[in-house]
Structure formats: C-alpha cells, structure tokens
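Hello,

Here is the structure I promised to pass on. Please open it first, then read the notes below.

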Amino acid sequence: MFLILPLLAAMLLLSCSDNESFTTSPSNRLTFSVDTVMLDTVFSRVPSSTRTFWVFNHSGDGIRCSNVRLQQGNQTGFRVNVDGIYLGATEGYQTSDIELRNKDSLRVFVELTSPMNNHTDPQLLEDNLVFTLESGAEQKVNLRAFTWDAEMVDHLVVSRDTTISTTRPLVVSGGIEVAENATLQLLGTTLYFRANAGIDVYGRLITDEHDGRETLLRGDRLDHMFDYLPYDRVSGQWQGITFHDSSFENVIRHTELHSGSNGIVCDSSSTARSKLTMEYSTIHNMQGYGLMATNCRLSINTCQITNTLMDCLCVRGGMVDVSNCTLAQFYPFDSNRGAAIRFANNTGDNSPCPLERLQVSNTIITGYADDVLMGELADSAVVAEYAFDHCLIRTPKVETADSVRFKATIWEDVKDTITAGDKNFALVDTDNLIYDFSLAKTSMAIGAALPAQSMPTDRQGRRRDDQPDMGCFEFEEAKTEN
C-alpha cells in the first residue's frame, strides 16, 4: 500500500505536467468557430447587439497568446471582451498572457458603436482581432459591419405644425408626441423606432408618399435574430401609433407600419368628426392589435391589415367604413391569435358603445382559423348596425334571414384546401416569415368586387379593370406562382 501511493502521486504529477506544458512551435495554432464576425447593418452612434465566437485549442499542446489586440485600436468603434477581459482604452485595446491548455476554449464577445461615416449609403467598416501566439505566429478574426448614418431623435414634442420629409433614416429612441393644435406631416420618410418608442398623437398626424417614396414606420433593429430571420420580421419591435381622444382628422396614406406592438390604437372620441382616414396603406405583423378603435369615425380603403396577435381590425362602437381591404390573420408566433375582424357594441368591459355603422365592402376576411369574423353584441338594446357587401369571408355561413347584412358574400369553405385560407395569396411562408398578400390565381376574390365601390387603383398603384377584385390587390398573373 505504501509503495502504491508514491507511484500514484508520481503519475498524477506527470499528468499535470503534461497538461500544463505550452508549446512555442509555430505549427501549433488556435482554431476559431468563425473567421469573420458580421454585425449586419448598424446605425452610426447606435450600439449594436452582441455577437460571440469561440476560440479552441485542438493542437495537442498548451498555447499561450502573448498578445490579443484590436488591430486599429479605438478607430473603428468595435468593443471586444476576451474571456472576461475587456479590451478598453486603459489596456490599450489589448491584453496579454492568455493561456489555452490543450482541448481548452474561451469565448469572445464583440459589439460596435461606429462613428459617423459621412456618406448617404451604408459603408463597410472593418477591424481585426489579432491573436499573437508565443511562437510569434499571428492569427486574425475579421470584424465587420455596414454602418449607416442616421439622424437621431430622442423625445420629440411637436408643438407647432411640422413637416418631415427626408431620405436620411431617422432613429427615434424616446418617442414622438404631437401636441394638441399641432400637425405633424411625415412625407416619404422612414422612421426607425427603438423598442420603447412610438407616436402619441393629441393633435393631428398626416403621413403620405413623396417623390415616389412611401412613408415607413418600423423597428430600429437591422440585424438578424437567426441567419434566416431578420429582426424586422419579428413582431413587437416598437410601440406603434396612438391617436388620443383629442385627436381628429388624421390621415394615413401610402404608409407601411410593421413589426410593432400595436399598429394603430384610436381612443374613444366623438363620431361627429373623422378620427382617421387610412388609404393605400399596410399594417403587418403586430404583437397586439393591427388597428383598434373605440367609438370613432374611421374610413379604411385599399389597405392591408395582416398577421396580428390580437385582432387585425377591432371595432368597438362608432362609425367605420371599410372598402377594398385585405384582412388576413396568419400570425405565426401564437396559435391563440385574434380574429381578422372583430366588431362590438360595447367597450369590452360590459360598457355600452353604440355601433352606429360598420360597412364593409369588397374586402377579403380570412385566416388560419375556421372562423375569423367575430361579432360581440352583448346588449340588444344598444345600436348595432353592420353590413358586409361583396366580401370573401372565412366564417360559417349565416342564415338566409341575415342576407340583408351579408350581400353577395363568398363564404370560404374551410374544408377546401385548394382555394381557402392562405391559398388566396401569392406567398404565405411561415417557415421564413415571408408574406405576399397579392392574389393567387386560385382565389375566388378575383373579379368578385362591386365596381361602384372600388377605388380606381389598388394598393400598388395598378389600375383596376372593369371587373375588379376583392381585397387591396388587383390580381396580376405574372407576379403569382400559385
């Protein structure tokens, strides 16, 4: 027993000695999980998300890095942490004496806040993270991003009539507030909102195209969640638009809102004045409602409202006209999604809210569920006036006695897998979250609209023919593949 113990101790010491040996041979190299760290496109002066990669030692011996450094120091704005050591200004953007034993690894974190590049378009920005081994060999991992100069907006309070029309991107970090008696016009402008930012309107908001450019409201993430999935296709990226009770005569035209929390919320107001006119516009991929209005007067024409966790369109009381719209509920992130359209004569908390008029014409109302049209008429003593004229609707067919409220309706057969639901449209790709709500040639909405209630052009500006289609898009053979 006493002879065995010294032998075991000697073997243990020999094992430790082998594991802790470090080579200076130039043939022993590190292995990296990537050779390039790409941070996609980022706005200048805005911190990027964090990327990581691994450094492995599979060489058979321990390797010491005498130096790990950012090749250009502080000139590019890249920030690097190597195995818990931040390569900052105090350290001269480098560190030394990093050890990786055989079969060991370490993790590297990379971020970027780039300087202004003084160009209109995104510009490539590069640096290298250089690993200098004790042998004298150098290995590099390339760090790169495209940086885009933008105008930064913190918390903008519009207290007088203001027009914004610029091709330069605007990054909004603290939200925009339009005060009472003030009008904000957004013309052909793209606004990129941070997660906690949106537009609160107490006065008036007008959005429209300019010089052929639509107005676009979206989140500020330009990078990817996964290789195949940009954050721009993920809902909940910003806060949307709220029209408060003092706000009237708003106009949303030739505008797209996507990937927010709520698209548009219209607070309860008088129906004696128009709350919102919305034309030739799109609300898509919202984590809340697409458009939610309580006791308001709205006109919605030639618009797409699609893929929302709550209802695409929710009307609680008021006076609302909907024409030539596509309301499609294919929200991909939660099977407990809302309806394509919900209408009610109450506020949702049992408070009466007269539905003075809901007139829907030439509109597609469809989705995944067997029934995407929901009426909540809680009190028969409260006004509830509604009618659907020349619409394609995915809901159980109503009785003949209700034919006054449903005229020339195409009832979508949920058992028909060839023409029903997503088969109405050119592309519904839930794997990659890519959607094209142009009509497929199998759609029964083609040629089924009432000409007298159709706008002369569709959402994309194409002329409608003598027998127009339901929905906001006119069928175009060359564009669809279904």
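Is R69 buried, partly exposed or exposed? R69 is partly exposed, with a relative accessible area of 25%. That value falls between the 20% limit for buried and the 50% limit for exposed.

Before more on that residue, a word on confidence. This is a predicted model. The mean pLDDT of the chain is 92. Of its residues, 94% reach 70 or more. Where pLDDT is low, the predicted coordinates should not be read in detail.

**R69 and its surroundings**

R69 sits in strand β4. Leaving aside residues up to four places away in sequence, R69 touches L87, Y93, Q94, N128, L129, V130 and E138. G92 is 23 residues from R69 in sequence, and their C-alpha atoms are 8.3 Å apart.

One of the contacts is charged. R69 forms a salt bridge with E138, with 3.7 Å between the closest N and O atoms. This pair links distant parts of the chain: R69 is in β4 (residues 63-70), and E138 is in β11 (residues 138-148), 69 residues apart. E138 is partly exposed, at 42% relative accessibility.

**Other salt bridges**

How many salt bridges does a search of the whole structure find? The search finds 22. Two further pairs deserve a look.

Start with R51 and D40. Their closest N and O atoms are 2.9 Å apart, in a salt bridge. The pair links distant parts of the chain, with R51 in strand β3 (residues 51-56) and D40 in strand β2 (residues 36-43). Are R51 and D40 buried or exposed? R51 has a relative accessible area of 19%, so it counts as buried. D40 is buried as well, at 16%. The cut-off is under 20%. The pair also belongs to a network: D40, R51, R221 and D223 are linked by salt bridges.

Next, E126 and R144. Their side chains meet in a salt bridge, 2.7 Å from N to O. E126 lies in strand β10 and R144 in strand β11, so the pair ties together parts that are 18 residues apart in sequence. E126 is partly exposed, at 30% relative accessibility. R144 is partly exposed too, at 27%.

**N117, a buried loop residue**

N117 is in the loop between β9 (105-112) and β10 (123-133). Its relative accessible area is 14%, so N117 counts as buried. What does N117 touch, beyond residues up to four places away in sequence? The contacts are S44, Q123, T147, W148 and D149. With T147 there is a specific polar pairing: the backbone oxygen of T147 lies 2.8 Å from a polar atom of the N117 side chain. W148 is 31 residues from N117 along the chain, and 7.4 Å separates their C-alpha atoms.

Two residues other than glycine have a positive phi. D211 has phi near 55°. S259 has phi near 60°.

D211 is in the loop between β20 (204-208) and β21 (215-219). S259 is in the loop between β26 (255-258) and β27 (264-266). Which of these is buried, and which is exposed? D211 is exposed, at 64% relative accessibility. S259 is buried, with a relative accessible area of 1%.

**A nonpolar surface patch**

M225, F226 and Y228 form a nonpolar patch on the surface. Together they have about 290 Å² of accessible area. Y228 is in the loop between β22 (224-226) and β23 (229-230). At 42% relative accessibility, Y228 counts as partly exposed.

For a tour, begin at the R69 pair with E138. Move on to the network of D40, R51, R221 and D223. Then go to N117 and the backbone oxygen of T147.

Best wishes

Conventions:
Residues are numbered from 1 along each chain as its sequence is written. This is a predicted model: local features need pLDDT of at least 70, side-chain atom pairs count only at pLDDT 80 or more; totals for chains, interfaces and linings use all residues. Side-chain values use heavy atoms; hydrogens and water are left out. pLDDT is the predictor's confidence in each residue, from 0 to 100. Helices (H or I, at least four residues) and strands (E, at least two) are DSSP runs, numbered from the N terminus. Buried means under 20% relative accessible area, exposed over 50%, partly exposed in between (1.4 Å probe, protein chains only). Contact means heavy atoms within 4.5 Å. A polar contact is a pair of N or O atoms within 3.5 Å; within protein, one must be able to donate a hydrogen and the other to accept it, and residues adjacent in sequence count only if both atoms are side-chain atoms. A salt bridge is a side-chain nitrogen of Lys or Arg within 4 Å of a carboxyl oxygen of Asp or Glu. Patches are made of residues with over 30% relative accessible area and no salt bridge: like charges are joined within 9 Å, nonpolar side chains (Val, Leu, Ile, Met, Phe, Trp, Tyr) within 5 Å. Accessible areas come from the Shrake-Rupley method with a 1.4 Å probe; for residues, only the protein chains shown count as cover.
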